[in-house]
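Thanks for coming. Please have a look at the sequence and the structure on the screen, and then I will go through a few points.

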Amino acid sequence: LAGGQAIQGGINVHGWLGIEDGGIESNGRTWNLSANIGPSEDDITSDLYYVGGSGSWPVNMGFPLVVDGTSYSVVYLHSNGGLLCEDATLSAIFGTSIPTPSIPACAVLAYLDELSSTIYAGTLGTAPNRVFTAYWDAESHPGGYDIDFSIQIHEESGLINVKYHNVTYEMRGGGATIGFQQNPSRAYAIG
């Protein structure tokens with residue numbers, strides 16, 4: 001996907017993906033595109049900027065995300081493609097399925113794989129309608145194939161959006177773990 005397009009309704013990331021007549025076709029099903037009316041990576045102003053390597057960095061979103069009755073205002077952005085509610089070493093779970101006890105709390109795994117990433121993050125808007133956005137400008141390691149994506153968390157609704165911005169053919173999700181882990185025993189995998 002390019003230009004900040006988002007998929008409404010989900011996608012089978014292991015299937016074929018192509019643009020057809022203004023929609024996206026995935027294994028014979030057509031998905032509508034929505035306009036990117038939220039913040040883009042160009043709008044983000046933040047102290048967080050990291051190039052290369054592997055690790056995670058705590059970021060205060062400016063508002064809490066509540067999952068299973070627990071409030072998280074600080075999240076951890078991981079260079080290997082995840083937003084975590086508590087810090088964890090993600091390299092230990094490459095190629096495994098979720099849920100996993102290796103992630104101790106909730107996590108949004110936009111594209112969990114061995115990546116080299118530049119991460120931008122920031123919160124825009126005013127309470128109670130703020131939106132936290134984290135943007136990964138990433139490439140596979142080894143291989144150097146591009147995959148750029150963002151995770152948005154909306155303050156009022158708790159809605160979480162994952163958008164894929166620049167995905168080369170080689171990075172279509174074959175080896176990545178993608179989904180939402182609610183807790184170490186419940187997860188919703190995509191694909």
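Cys-106 has a relative accessible area of 2%, and since the cut-off for buried is under 20%, Cys-106 is buried. Keep in mind that this is a predicted model, so I will come back to confidence at the end.

What does Cys-106 bond to? A disulfide joins Cys-106 to Cys-85, with a sulfur-to-sulfur distance of 1.8 Å. For those new to this, a disulfide is a covalent bond between the sulfur atoms of two cysteines. The structure holds 1 disulfide. Both cysteines sit in the loop between strand E9, residues 82-84, and strand E10, residues 107-112, so the pair ties together parts that are 21 residues apart in sequence.

Is Cys-85 buried or exposed? Cys-85 has 4% relative accessibility and therefore counts as buried. And which hand does the disulfide have? The torsion about the S-S bond is about -90 degrees, which means the disulfide is left-handed.

Next, strand E13. E13 has two partners to go through.

One partner is strand E12, residues 131-140. E12 and E13 run antiparallel and are joined by 9 bridges. If you want a pair to find on the screen, Thr-133 stands opposite Gln-152 in E13. The hairpin of E12 and E13 has 5 residues between the strands, and there Gly-143 takes a positive phi near 120 degrees.

The other partner is strand E14, residues 160-167, which pairs with E13 in the antiparallel sense over 7 bridges. Here you can look for Phe-149, whose bridge partner in E14 is Tyr-164. The hairpin of E13 and E14 has 5 residues between the strands, and in this hairpin Gly-158 takes a positive phi near 75 degrees.

Now, confidence. The protein chain has a mean pLDDT of 75, and 69% of its residues reach 70 or more. Which elements have the lowest and the highest mean pLDDT? The lowest is strand E2, residues 17-20, at 34, and the highest is strand E8, residues 70-78, at 94. Over residues 1-39 the pLDDT stays under 50. For that stretch the model has 72 contacts beyond four places in sequence.

That is what I have for today.

Methods
Residues numbered from 1 in each chain as written. Predicted model: local features only at pLDDT ≥ 70, side-chain atom pairs only at ≥ 80, totals over all residues. Heavy atoms only, no water. Disulfide = S-S within 2.5 Å. Helix = DSSP H or I, 4+ residues; strand = E, 2+ residues; numbered from the N terminus. Buried < 20%, exposed > 50% of the residue type's maximum accessible area, 1.4 Å probe, protein only. Pairing = 2+ DSSP bridges. pLDDT = per-residue confidence, 0-100. Contact = heavy atoms within 4.5 Å.
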